[in-house]
Amino acid sequence: MKKINCLLLGTVTLFFACVSPQNDPKKDTKTEQHRPNYHFTPQKGWMNDPNGMVFYKGEYHLFYQYYPDSTVWGPMHWGHAVSKDLVHWEHLPIALAPDEKGYIFSGSAVVDENNTSGFQKGDEKPLVAIFTYHDMAAEKAGKLLEMESQGIAYSIDKGRTWTKYAQNPVIKNPKTQDFRDPNVKWYAPSKQWRMTLAVGDHVEFYASKNLKDWEKTGEFGKKEGGHGGVWECPDLFPLQVEGTNTEKWVLLQNIGRGAVAGGSGTQYFVGTYDGKVFKNDNKPTDILWLDYGMDNYAGVTWNNAPDNRRLFLGWMSDWLYATKVPTGSWRSAMTLPRELSLKNTAQGIRLFQKPVKEQTLLRTGAQQNIATQSISTTYDLKPIAITNELSLSFDLAKTTASDFGVVLSNSKGEKLWVGYEKSSNRFYIDRTESGKKDFEKSFTGRHYAPRTASNPLLTLNLYIDVASIELFADGGETAMTDIFFPNEDFNKMAIFSKNGVAALTKGEMWQLK
């Protein structure tokens, strides 16, 4: 689809993401400023939405919106990488390139286990990609109600080469301007395929027996609730509510502008799905956000993941400034892969998220323990390197500070703050002093996430890389993701407390690489 990366409270685990090319063993990218250390990036050129994520025969496939010839958005391809563990990635050749029907916009991929498509010729099951064709000639001619349609392609060699279906498109445009980002899954009760498609300010649902012939079954979003704006990159999947026998369906939908932090973001709904229509369990006015940071957009989940896990990945940028960020030969990174779950809370059934368990493979060296203590000003941490995972827990009953959390800094006096305001019961990330920001006025400032947990023990999990931070608070009940661009890498880290003491009950830190 077209879309023109420290705070500690309670128990906090922080992951900081560095920007340095980790994917090409033949290319030394460690000197590229802002390149992440352990987040996925393209070797060169422009990247945005994750696409076609599917697991097959021991490999997690990641496709993504890609323009290899520039660091700004252009003719969209599907880039391609594979991983056996979700944290170490191998780049593969471009999977899908533009053709006479248009650019290759966002979509999904499935394993056609029963060969419903008829594409299988040998022992390998067909992998089938479903994507949006975007006709730039039609767009330039002002034919906006004709420019997008849905096509398919298939691979019978484990995703290494792809053939576009000769009779594309499989869904023609019904005279709608924004008609894109098909997300397809197998629906076991009817033994058919189901598609969720973003159409203007809502989603539409389609059914097919063979991935080629599709029939519309319903729609959602015009009256049933939603933030508004143009909807993009939807995903619909079932999850069991933890600790119960209840299954619910989760609908993700992304918005390029006007999300909770002001730019791009992901809204979600919890409800029921009967194979034709989704129904929202919550009030239309209840807006639920996957991530309260500025930089987690267009995220969807892997199809066919083993052990019935629901694994999510987002694009770690924002359309407000994605084409302007001060990187060199490449632009954009992906978030850490996350595992999603549903839990009962005081507010209702809500989506929780945490980094996949495989992220522990990134840990190097011994665990560093931080002593239980009351912090009245600052407590300097001693990271071996700034690419760290940090987990902190605070006792709010014993905390008198109005504001506490984690601050990253460097010798130039630049700082990134991640914290919790006790009086307003909000988490925040503040990158006002974080370094380079002149490329976009909306990049600076502080943004917030409400704390919805009522537990007096506040936990923060932080993942810190060279140029990004991902916060998972209260066991993943609240998440925030932000990128930043200091003039020199942050090399100092401290727990801070303002106007009183912060009661730290436990702290742990690991170096990541």
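Start with the largest pocket of this predicted model, which has a volume of about 920 Å³. Select Lys185, Trp186, Pro238, Asn308 and Arg310 to find your way in: of the 35 lining residues, these are the closest to the pocket's centre. Next, colour the elements that each give two or more residues to the lining: β6 (103–111), β10 (179–187), β11 (192–199), β14 (231–240), β15 (247–255) and β22 (338–345).

Is β11 enclosed or open? Eight of its eight residues are buried, so β11 is largely enclosed by the rest of the structure. Turn the strand to look at each face in turn. On one side sit Gln192, Arg194, Thr196 and Ala198, and on the other Trp193, Met195, Leu197 and Val199; all are buried, so both faces of β11 are covered.

From here, step to the neighbours of β11. Select β10, which runs antiparallel to β11 and is joined to it by seven bridges. Follow the chain through the hairpin of β10 and β11, where four residues lie between the strands, and stop at Lys191 in the turn, with its positive phi of about 50°.

On to β12 (residues 202–208): seven bridges join this strand to β11, again in an antiparallel arrangement. Click on Tyr206, the bridge partner in β12 of Met195. Finish at the hairpin of β11 and β12, with two residues between the strands, where Gly200 has a positive phi near 65°.

Methods
Residues numbered from 1 in each chain as written. Predicted model: local features only at pLDDT ≥ 70, side-chain atom pairs only at ≥ 80, totals over all residues. Heavy atoms only, no water. 1 Å grid on protein atoms, 1.4 Å probe; cavity = no way out; pocket = protein on both sides within 12 Å on 5 of 7 lines; lining within 4 Å. Points joined across faces, edges and corners; volume = space filled by probe spheres on them. Buried < 20%, exposed > 50% of the residue type's maximum accessible area, 1.4 Å probe, protein only. Pairing = 2+ DSSP bridges.
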